[in-house]
Amino acid sequence: MTHGDAFAGPSARARSPLSVRETLRGRHILVTGFTGFLGKVLVAMLLERAPDIGRITLLARGKKKESAATRVRQLFERSPGLRNLRELHGERLSSFLAERVDVVAGDVRDPNFGIDPRVVEHLASSVDCVVHVAGLTDFEPDPIEGVAVNVRGAMHAADLAARTRGRRLLHVSTSFVAGAVSGPVPERLEPGLSANGTRFSPRDELASMESLVLATSRRFPDPVEAKRARIERGTLRALALGWPNLYTYSKALAEHLVASRGDIEVTFVRPSIVESARELPFSGWNEGVNTSGPLVWLVGTVHRRMPFAEDHCFDVVPVDSVARGTVLALAELLRGEHARIYQLASGDTNPFTFGRAVDLTSLVRRREYGRSSDPFERVVLKNLDSVVHDRAADEDPWLPFARKLTRTVRDAFSSFRAEHHLPELVRERWGDELTKLAARQAKSWGRASRTIGQVIEMLRVYQPFVFDNDLRLETKAVREATLRLGAEERALFGWDLASLDWRDYWMNVHVPGLDRWSLPLLRGERIPDDPPLALERELDEWTPSLVRDPPREGATLSLSTQALGSESAPTEAE
Amino acid sequence: MQIGGSPFDAAPRAPSTRPAAFFRLEGVMHPAGAWEAAAYVAANAASMRRRLLGMGGAVVSGALRGVSLAGAGLVGARSTRLAYSVLAGFSRDRLEVLGEDYARDVLVRGARPSALRLVEGARRDGFTTVLIAEASAEVADAFARALAKDGPSFDLVLANHLELDDRGRATGALVDPVIAPEVDPRRLRAIAAEHGFDLEASRAYGHAHADLVLLGLVGHPCAIEPDRELARVARDLDWPIVRAEAPFDPPTPSTRRTHDEGAPA
């Protein structure tokens, strides 16, 4: 087992062969965050490429009308993120899943994830590793949620892992816990040393943040005002310790708290900016609005001057590459040959810059707009390539001016009254039409003003990542793990970013992926699911009624179909 | 793609070498000149200032070339260098993507059918097909790739390379040796030696009088849509001439002289 800053004996570790499939064979892992972007791809990869894995228990929240198992089943039936499994197994997917996947209802915000103690007892007797993927990824979450999910959630995962047979935790964090720094970022964590070098007690920091949140909530009776104040004060606290926002602060605090535990083996997986898949579940798949989505959207608008630092690293990683790195880390953790930290980033071997991202996005849009039937797009937008401004967003006067202008125009249209502004002759003839036209224009300019306001806000939030800091994240651990793999497994699980052709990925995979899967969300549209492939039966769900008998020590537990069907206790198997 | 023939007899081949068929991109495969490719790319710069400067520079280059054709002595590499100097500051990505766009939207669409048939014919006759472009490699390679999708393909592409700085941006200079309107005979001989081409058994296709050097190096020259000067020389030297106005028939040995013109003046 290793506890060093990086890992013990890297060269020796790199030399010894590793088989991911052999390591995962028969193992039982508990995964949180399956309903999220990375969670789906990770599980899809494990089930497709390591089908001999013993069992995957998925933690999911039940909703009022839907049990956790129902929610998970629906994802397997129709989520594009799991399309590869439906295509691979077809009608046999149900039986394939029944042998490998079950569900436990719970919430990471609660101790032991809110799982019934009897279920925990049974699960704990067979789980080899807790893989904690769940987390909030908003840059500015309400600290109440940010702390509950990202900090307390990680602590709960560690508590649960400490009770399991394997006593192992793989915690998915973020590379940006490095904080507001520039330059090389090694795979290192020193508990109690903040991003700007301040010594602090992680436990005291958590307590003071929770007190701050509580005190702020009490002080402001208006919920909206209270939330804003919580974010402001929480952000100040984060900045004081060298983290640029509440997201990185909460993820870092979680790392510091979990790393100081001595009763479990922990490894931290730190992806950078997780974006569209290269190949799994299929090329271009994305979910939700991730970091680059709004930036790509902005490049396609009339706004030309992007307040980015041209040569700063835009550390994007395809989601399936992150899944590869996570599976590698999991395999090494299960063998007790793990690194403490696996940074999953592109900057050290194949850097991509904001200048390139803007240029390539403009080139994609130029081609699209050139084919458009809309003359505005074909003539104006096509020729409005975005350029990197190399200036911070808060120094750019254009957007505030545009916002002020659109507001003024909106107000002018809003204040239009036919009886005041039109002579009687005109009013009688066109008064109604002109009033309606003014109302429509007021609405339209109001929308434009709001959009500009959102862009200003977005650029403010993004500024630490797109302008202020230039992180060069080292990825030694995952590259060394890759060297341990044989040729066949390297193709399936190896870290593959050095070979990524950014132009091809950005123009033919990522931006089209965002256009299909993410950007419609910014317009308030819904992303359609795949045509469902109905599973024959519900997935197994751990419930107290099924685990009446205490587990035998050292036994491997599985929920058998028969046991579930008869509502009896799960069977135990060696 | 319609497959045409060759205006040549089957050429005798040296046992250790192979014959090549050299096609100029500018003028032969497509009427547009190299400065037009540079102007297209410049006109699609990201910044407006660069667009205006670039287009202006490319047009000046085109005008100078016109002057040179009138005998001012600028047919060498200088006009080519000038045309591509306007692309200073362009990223490699933009050069490649715009090169693809230009090749697909302009060159392939407007490629001379007669030239395409000649490429097909040369391949069928066992010649190594070589594209010689004064345009940048980004344009010439993209043109060759686009053609190869559903048409004739080139075995070798010789084009100019823009010098890039360590950030992947064009400096505005071309990497030596530059392919000028007039091909450097020593360089062509060196390339022929490197690839084992038998120049005496090879074919070359030219369009302008600047191509006379190229045509003079091979055993089987041919003029495609020649300008007045080249047409005159071709007639004098009994070279085949291909014109698009007239229907193009696959040649036979007896039609070696010309397809659509009468006896040389």
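Trainee: Which strands does helix 13 of chain A lie across?
Mentor: Helix 13 (residues 319-334) of chain A lies across strand 4, strand 5, strand 7 (265-271) and strand 11 of chain A. Helices here are DSSP runs of H or I with at least four residues, strands are runs of E with at least two, and both are numbered from the N terminus. This is a predicted model: local features need pLDDT of at least 70 and side-chain atom pairs pLDDT 80 or more, while totals for chains, interfaces and linings use all residues. Residues are numbered from 1 along each chain as its sequence is written, and chains are lettered from A and ligands numbered from 1 in the order written.
Trainee: And what angle does helix 13 make with strand 7 of chain A?
Mentor: About 165°. Axes are lines fitted to C-alpha atoms, for helices over the stretch in contact, and angles run from 0 to 180 degrees between N-to-C directions. Contact means C-beta atoms, placed from the backbone, within 7 Å.
Trainee: What about helix 8 of chain A, what does that lie across?
Mentor: Helix 8 (residues 143-163) of chain A lies across strand 1 (28-32), strand 4 (129-132) and strand 5 (168-172) of chain A, at about 160° to strand 5.
Trainee: What is the strand order in the open sheet of chain A?
Mentor: The order is 11-7-5-4-1-2-3-14, eight strands with parallel pairing. Two strands pair if DSSP finds at least two bridges between them.
Trainee: Which strands stand at the edges?
Mentor: Strand 11 (341-344) and strand 14 (540-542) of chain A; each has a single partner strand, so one side of each is left without a neighbour in the sheet. Neighbouring strands are turned by 20° against each other on average, direction ignored.
Trainee: How many bridges link strand 3 and strand 14 of chain A?
Mentor: Three, in the parallel sense, with strand 3 covering residues 101-105. A:Val104 has A:Trp542 in strand 14 as its bridge partner.
Trainee: Switching topic, how many residues does each chain bring to the contact?
Mentor: Eight from chain A and six from chain B. Helix 14 (residues 354-371) gives the most on the chain A side, with five residues.
Trainee: Now chain B, how many helices and strands?
Mentor: Nine helices and eight strands. Buried residues make up 47% of its 265 residues, buried meaning 20 or more other C-beta atoms, placed from the backbone, within 10 Å of the residue's own.
Trainee: Which residues of helix 6 of chain B are buried?
Mentor: Among them are B:Val139, B:Phe143 and B:Leu147. The cover over the buried residues of helix 6 includes helix 1 (34-43) and helix 4 (92-108) of chain B.

Definitions and conventions: Buried ≥ 20, exposed ≤ 12 C-beta atoms within 10 Å, placed from the backbone. Contact = placed C-beta atoms within 7 Å.
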